[in-house]
Amino acid sequence: MASRFDQAFQTSALPQLLAEFGEPVVYRFAGGGTRSIDAIIERNPPAIFDAAGQPLLIELVIRVYRHQTLGVLSHEINRGSDSVDLRRRVDDATLSRMTVTRKLSDDSGVIVLALN
């Protein structure tokens, strides 16, 4: 069961964060189908290391709503097969397609995904 904080964050704070900082993206499911959602895009993510201390090569990190229509659900994610269409840089005129390489976290209604 989610804590009161998790519930409050998911119902109040996250929608406001996405309204303020979210950008439109298109999530493409490996099995077919797309979903237009808002995501908070981190274009210069800090280095992330695996258990052996090796750096993971991650170009972008996105935060999306864990929701069946406004975001994606954990069980819908296919790492290495799903992709996301987004602007790689803020001033890009066209969208780039990037692959979902790993799920970094899933907490308080937010799923954090690494893209390459």
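Mentor: Let us begin with asparagine 78, which, leaving aside its neighbours within four places in sequence, is in contact with Tyr27, Ala30 and Val100, where contact means heavy atoms within 4.5 Å. Keep in mind that this is a predicted model, in which local features need pLDDT of at least 70, side-chain atom pairs count only at pLDDT 80 or more, and totals for chains, interfaces and linings use all residues. Residues are numbered from 1 along each chain as its sequence is written, and side-chain values use heavy atoms, with hydrogens and water left out.

Trainee: Where is asparagine 78 found?

Mentor: Asparagine 78 is found in the loop between strand 5 and strand 6, with strands (E, at least two residues) and helices (H or I, at least four) taken as DSSP runs numbered from the N terminus.

Trainee: And what does asparagine 78 count as, by relative accessibility?

Mentor: Asparagine 78 counts as partly exposed because its relative accessibility is 37%; buried means under 20% relative accessible area, exposed over 50%, and partly exposed in between, with a 1.4 Å probe and protein chains only. Asparagine 78 also lies 8.7 Å from threonine 101, C-alpha to C-alpha, although the two are 23 residues apart in sequence.

Trainee: OK, zooming out, what do the strands form, and in which order?

Mentor: Six strands form a closed barrel in the order 1-2-5-8-7-6, with antiparallel pairing, and two strands pair if DSSP finds at least two bridges between them. Neighbouring strands of this sheet are turned by 45° against each other on average, direction ignored; the angles are taken between lines fitted to C-alpha atoms, for helices over the stretch in contact, and run from 0 to 180 degrees between N-to-C directions.

Trainee: How many bridges pair strand 1 with strand 6?

Mentor: Strand 1 (residues 23-28) and strand 6 (residues 83-86) pair over three bridges in the antiparallel sense, and valine 26 stands opposite aspartate 85 in strand 6.

Trainee: What about strand 5, is it mostly covered or mostly open?

Mentor: Strand 5 is mostly covered, with five of its six residues buried. Four bridges join strand 5 to strand 2 in the antiparallel sense, while six bridges join strand 5 to strand 8, again antiparallel. Arginine 63 in strand 5 is the bridge partner of isoleucine 40, and valine 112 in strand 8 is the bridge partner of arginine 63.

Trainee: Changing topic to helix 1, which of its residues are buried?

Mentor: Asp6, Leu14 and Leu18 are buried in helix 1, and the buried residues of this helix pack against strand 2, strand 5, strand 7 and strand 8.
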